[in-house]
Amino acid sequence: MIYKVVILCVLLAVASGYQIKSQHKKHDACLVTCSGWTEPGKGFLKYSDGKNSYINVSMAHCGFIDTPVIVSSLHGSSHHWHATGGSAIYTPTRDSFRNYVYHKDGSYGLVRNMMWYIQYVAVGYIC
């Protein structure tokens with residue numbers, strides 16, 4: 001269900017005239033949608049507060065030539081509905097982005113136990 005909501009948000013952004021600005025001349029045939037997810041319970045690193053976490057998400061397989069429009073969400077088996085940050089994109093590039101995940105009880109310990117992961121959809125140019 002969440003996956004459908006994420007796709008809908010990206011499609012609405014594109015349909016409402018949101019444009020990806022670039023130095024390159026673009027063609028509609030070069031605009032693609034790419035999606036993926038991180039491995040459940042893995043890849044999260046401990047944030048400097050010692051309790052919460054962040055994850056660097058690779059989109060290198062998408063082949064974007066510029067930074068795409070990205071929508072992400074946090075998934076897992078439990079407790080992720082209490083967490084914040086799973087949809088906040090930091091340091092986006094054509095190949096990756098970062099999410100910081102906060103939970104009142106500390107997210108770092110929950111990541112592995114609750115099999116948390118990030119799922120994303122990105123829309124951008126490949127030529």
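## Close-up views of a predicted model

**View 1. Lys-46 faces Ser-53 across a strand pair.** Lys-46 sits opposite Ser-53, a residue of strand 3. Strands here are DSSP runs of E with at least two residues, and helices are runs of H or I with at least four; both are numbered from the N terminus. The model is predicted: local features need pLDDT of at least 70, side-chain atom pairs count only at pLDDT 80 or more, and totals for chains, interfaces and linings use all residues. Residues are numbered from 1 along each chain as its sequence is written, and side-chain values use heavy atoms, without hydrogens or water. Strand 2 and strand 3 (residues 53–58) are antiparallel and share three bridges. Two strands count as paired if DSSP finds at least two bridges between them.

**View 2. The sheet 2-3-5 is open and antiparallel.** Three strands make up this sheet, in the order 2-3-5. Strand 2 (44–46) and strand 5 (96–101) are the edges; each has a single partner strand, so one side of each lacks a neighbour in the sheet. On average, neighbouring strands of this sheet are turned by 25 degrees against each other, direction ignored. Angles run from 0 to 180 degrees between N-to-C directions, with axes fitted as lines to C-alpha atoms, for helices over the stretch in contact.

**View 3. A second open sheet has the order 1-6-4.** This sheet also has three strands, with antiparallel pairing. Strand 1 (31–37) and strand 4 are its edge strands, each pairing on one side only. Twist from one strand to the next averages 10 degrees. Strand 4 and strand 6 pair over seven bridges in the antiparallel sense. Ser-73 stands opposite Gln-119 of strand 6.

**View 4. The largest nonpolar core holds 19 residues.** Such a core is a set of buried Ala, Val, Leu, Ile, Met, Phe, Trp, Tyr and Cys residues joined through side-chain atoms within 4.5 Å. Buried means under 20% relative accessible area, exposed means over 50%, and partly exposed lies in between (1.4 Å probe, protein chains only). Among the residues with the most contacts inside the core are Phe-44, Leu-74, Phe-97 and Trp-116. Strand 3, strand 4 (69–75), strand 5, helix 2 (108–113) and strand 6 each supply at least two core residues. Strand 6 gives the most, with three. Beyond its neighbours within four places in sequence, Phe-97 contacts residues including Ile-55, Val-57, Met-59, Ile-70, Ile-118 and Tyr-120. Contact means heavy atoms within 4.5 Å.

**View 5. Three salt bridges are counted.** The rule asks for a side-chain nitrogen of Lys or Arg within 4 Å of a carboxyl oxygen of Asp or Glu. Lys-42 meets Glu-39 at 3.6 Å, N to O. Lys-42 is partly exposed, at 48% relative accessible area. Arg-94 and Asp-95 bring their closest N and O atoms to 3.8 Å. Arg-94 is partly exposed at 42%, and Asp-95 is partly exposed at 32%. The side chains of Lys-104 and Asp-105 meet at 3.4 Å, N to O. Both Lys-104 and Asp-105 are exposed.

**View 6. Confidence is lowest in helix 1 and highest in strand 6.** pLDDT is the predictor's confidence in each residue, from 0 to 100. The chain mean is 86, and 80% of residues reach 70 or more. Helix 1 (residues 2–15) has a mean of 50, against 98 for strand 6 (residues 117–125). Over residues 1–6, pLDDT stays under 50, and the model has eight contacts there beyond four places in sequence. Where pLDDT is low, the predicted coordinates should not be read in detail.
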